[in-house]
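Here are my notes, set down in the order I went through the model. Have it open beside you as you read.

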Amino acid sequence: QVQLVESGGGLVQAGGSLRLSCAVSGRTFSSYRMGWFRQAPGKEREFVAAISWSDGNTNYRDSVKGRFTISRDNVKNTVYLQMNSLGPDDTAVYYCAAQRGEKLIRPAYWGQGTQVTVSS
């Protein structure tokens, strides 16, 4: 059974940092692209960042470039999202996701989500 389990969310003041973790299990993800999406109240879910498990290639949405860093640990089977310089607009439920191949557009697997709240 494939599982993506997020952790690390919480309440932080504007300008602060959080690190989200996504522990993956149930299959080999070496040919998958992993990533993070987020959904704020009343808004559609949006892409945040992605990384290829095999070669570490990354991409980000423009609004988080320079502030967020996605990484993976092949030994721990965990994907991370380091978030710095957080602002109220980053408040959302963050979801870990996985899709086979080189793109992360229609993930086949999703985590349950972790809440990130940034206070001004």
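This is a predicted model: local features need pLDDT of at least 70, side-chain atom pairs count only at pLDDT 80 or more; totals for chains, interfaces and linings use all residues.

1. On secondary structure, the protein has 11 strands and zero helices. Walk along the sequence and you get β-β-β-β-β-β-β-β-β-β-β.

2. How does the radius of gyration sit against that of a compact globule? For 120 residues, such a globule would come out near 14 Å, and the protein has 13 Å, so the two agree. Along the principal axes, the C-alpha atoms fill a box of roughly 40 × 25 × 25 Å.

3. I also looked at how far along the chain the contacts reach. Take the contacts between residues at least 6 apart in sequence: 55% of these join residues at least 24 apart.

4. On burial, 44% of the 120 residues are buried, which here means under 20% relative accessible area. The protein exposes about 6,400 Å².

5. Now the largest pocket, which holds about 160 Å³ of space. It is lined by 13 residues, and those closest to its centre are A40, K43, E46, D89 and T91. What kinds of residue make up the lining of the largest pocket? Six are charged, four are nonpolar and three are polar.

6. Next, backbone angles. As background, most residues other than glycine have a negative phi. N77 is not a glycine, yet its phi is positive, at about 55 degrees. Where is N77 placed? The residue is in the loop between β7 (68-73) and β8 (78-83). Its relative accessible area is 35%, so N77 counts as partly exposed, a class that runs between the 20% and 50% cut-offs.

7. S85 lies in the loop between β8 and β9 (92-100). Is S85 buried or partly exposed? With a relative accessibility of 45%, S85 is partly exposed.

Methods:
Residues are numbered from 1 along each chain as its sequence is written. Side-chain values use heavy atoms; hydrogens and water are left out. On a 1 Å grid over the protein atoms alone, a cavity is a set of points where a 1.4 Å probe fits but cannot get out, and a pocket is an open set with protein on both sides within 12 Å along at least five of seven lines; lining residues have an atom within 4 Å of a point. Grid points are joined across faces, edges and corners, and a volume is the space filled by probe spheres set on the points. Ala, Val, Leu, Ile, Met, Phe, Trp, Tyr, Cys and Pro count as nonpolar, Asp, Glu, Lys and Arg as charged, and the others, Gly among them, as polar. Helices (H or I, at least four residues) and strands (E, at least two) are DSSP runs, numbered from the N terminus. The radius of gyration is taken over C-alpha atoms; the globule rule is 2.2 Å times the number of residues to the power 0.38. Buried means under 20% relative accessible area, exposed over 50%, partly exposed in between (1.4 Å probe, protein chains only). Contact means heavy atoms within 4.5 Å. Accessible areas come from the Shrake-Rupley method with a 1.4 Å probe; for residues, only the protein chains shown count as cover.
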